[in-house]
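Reader: I have a chain here that I would like to go through with you. Could you take me through its helices and their packing?

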Amino acid sequence: MALKACTAQLVCALLLGVESACFSIPLVAQDAVTASEATPLVDQQKVSPSELVGKLKQLQDQIKANSRPVSLSDAIRLGLQNNPELARSFSTIQQFEWQLIAAQRRWYPTLQLTNGTPFVGSNWGTFVQDQYALPAQQVQELQAQGQSRKMAAKSQQFVVQPGAQVNWNFLDPTRQPNINAASDSLQQQKFLFDVSARNLVLQIQESFYAIQSNQQLINSFQEIYAINQKQLEILEARKSIGMVTVLDLEQTRSQLYAQLSQLVLYTREYIDQAALLAQQLALPANQLAIPDQQAQIQGRWQVSLQETIRRATQQREEILASLAAAEASKWSSVASLRQYLPVFSLVATGNLLGQNGYQNVPVPNDPGSQYARNRQWNAAIGIGFNWLLFDGGINAANALALKAQAQQQLAQAALTELQVTQQVRSSYGQYQTSQVAVTTARQAYRSAELAQEAARARFDVGVGDITSVVQTIQQLSTAAQQLSQAVLSYNSAVAELYRYSATWPGASQQEVQERLKMMRDSPEPFRPDSFTRLEP
């Protein structure tokens, strides 16, 4: 019923031409939302644009007050020094390093201490024998000798039973394949660490350029907004003396608010990108980093397309990591098959049995002089072997599974190589087209500036209309957006070419090596208070 009532009210208002009516169609029960919580979509109260600009300017000043300007090289350095992603990848490297060490230590002999039950302690025992099947004659003979067919004897001893065994597998067919598999797995993790570092550098560059692009848009639209604001003031003065119509005035005012909305949007994106850059640099919660210069063309890529593709396919760590993983699976497959071969070892054992007490004393008797101390040493040395002749085919099946896994990794390397080629071609094409786009956008922006200046001059002398002014200012806004996007695309293309061709930009490779050295020298776990601070 409520929906029908609102629909009828809306139709009636449209028929009557009531311009100031405000309607809201509830999507939930009407008693679920109070009247004080409902906010109209269109606010009829006029707000001064200067007030909104002031609030926006205040917000931008707050962001800059909590931020410190940094260069792109400083941003990359801070990210490589602080970001915990590299610490996580390095921990994985250390994990596989210890696995390789464990595989190599299978060359060492093993020493095992053994003991009896117990190792040191006391033993008590009672032995009872009942010869119930003896013939009557033998029973009588035993009785004549003062004995019985039932006998009970007791024992009590303090014992020491240490032992030791030394074993050295001097011929183990599975040992070297397992070492090779662990070595290749470690190499794979080192390649993946470089992948993490390269991705981090690219992410920092993209965020850095995005902040510059948004700042460029903010500056451009602030200038355009100032032009529109001045034009609006002139129109308001002319409206007071009847020289312009309400249409001219409100058309300009509408464009002013539209540009203000764009400024709000760009400011919000600027905040998002600044927060993302702070996350990538792993800065403290009360710090932000912003570019120390305006958006401009950053560098050039002077390597040909074919040479770039060749470098990428030879150097990309993603391909090399898949190949290393394939080698590790191959060696693991060999190790699994070699478990069917005998393992020869050098074995040495030794043990001591020490006893102090008595044994086999008849139960009713006192041990008396039966106490004795015994010592016994045993030792052996020689060659032994262990040969698993048949396990039901389990190891053979595991070997085939690992071989299939190696084939999968090789196929993944081939797929990655195709993807790398596509990435390089795409980025190279973006780089080439962005060069043309930047030149075109600059010319378009200059022409749009001249067009809006001419349109405003014509309107001021009365030979032009406000529509031409609005259109040329809109063209100027579009040209500013296109210029910002062209510069951003160019810089992003150069950064991607560095990343996709596995080329370290600037001194980033040295920064990665320094971070590795720092993590190896400092065994302490990662802590948030260990961040590199931005110095004033």
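This is a predicted model: local features need pLDDT of at least 70, side-chain atom pairs count only at pLDDT 80 or more; totals for chains, interfaces and linings use all residues.

Reader: Which residues do α10 and α11 cover, and at what angle do their axes cross?

Author: Helix α10 takes in residues 394-460 and helix α11 residues 466-500. Their axes come within 6 Å and cross at roughly 160 degrees.

Reader: How are α10 and α11 oriented to each other, then?

Author: The angle is roughly 160 degrees, and angles over 145 count as roughly antiparallel. α10 and α11 are therefore roughly antiparallel to each other.

Reader: Stepping back, how many helices and strands does the chain have?

Author: The chain has 12 helices and 6 strands. It is made up of 536 residues, of which 37% count as buried.

Reader: And what share of the contacts with a separation of 6 or more comes from residues 24 or more positions apart?

Author: Such residues account for 87% of those contacts in the chain.

Reader: Now α12. At what angle does α4 pack against α12?

Author: The angle between α4 and α12 is about 60 degrees, and their axes are 11 Å apart. α4 and α12 are therefore oblique to each other. Their crossing is right-handed.

Reader: Which residues meet there?

Author: From α4, the residues are L86, A87, F90, I93 and E97. They meet R515, L516, M519 and R520 in α12.

Reader: What about α6 and α12: at what angle do they pack?

Author: α6 and α12 pack at about 125 degrees, with 11 Å between their axes. That makes α6 oblique to α12. The crossing of α6 and α12 is right-handed.

Reader: Which residues of α6 and α12 meet?

Author: F193, A197 and V201 in α6 meet S508, V512, L516 and M519 in α12. L516 and M519 are also among the α12 residues that meet α4.

Reader: On to α3. Which of its residues are buried?

Author: Helix α3 spans residues 72-82, and its buried residues are L72, A75, I76, L78, G79, L80 and N82. They pack against β1, α4, α6, α7 and α12.

Reader: And α2: how far apart are its end C-alpha atoms?

Author: They are 24 Å apart.

Reader: Which residues of α2 are buried?

Author: P49, L56, Q60 and I63 are the buried residues of α2. They cover an arc of only 55 degrees around the axis, which puts them on the same side of α2.

Reader: Which elements does that buried set pack against?

Author: The buried residues of α2 pack against β1 (67-70), α6 (175-240), α7 (246-280) and β4 (288-291).

Reader: And which exposed residues sit on the face of α2 turned away from its buried side?

Author: K55 and A65 are the exposed residues carried by that face.

Reader: One last topic, P118. Where is it found?

Author: P118 is in strand β2, which covers residues 110-130. Its relative accessible area is 30%, so P118 is partly exposed.

Reader: What does P118 contact, leaving aside neighbours within four places in sequence?

Author: P118 is in contact with N123, V159 and Q161. P118 and Q161 are 43 residues apart in sequence, with their C-alpha atoms 7.4 Å apart in space.

Key:
Residues are numbered from 1 along each chain as its sequence is written. Side-chain values use heavy atoms; hydrogens and water are left out. Helices (H or I, at least four residues) and strands (E, at least two) are DSSP runs, numbered from the N terminus. The expected span of a helix is 1.5 Å times one less than its number of residues. Buried means under 20% relative accessible area, exposed over 50%, partly exposed in between (1.4 Å probe, protein chains only). The arc is that of the directions from the helix axis to the C-beta atoms. Contact means heavy atoms within 4.5 Å. Axes are lines fitted to C-alpha atoms, for helices over the stretch in contact, and angles run from 0 to 180 degrees between N-to-C directions. Angles under 35 degrees count as roughly parallel, over 145 as roughly antiparallel, 65 to 115 as roughly perpendicular and the rest as oblique. A crossing is left-handed if the near helix is turned anticlockwise from the far one by less than a right angle, and right-handed if clockwise.
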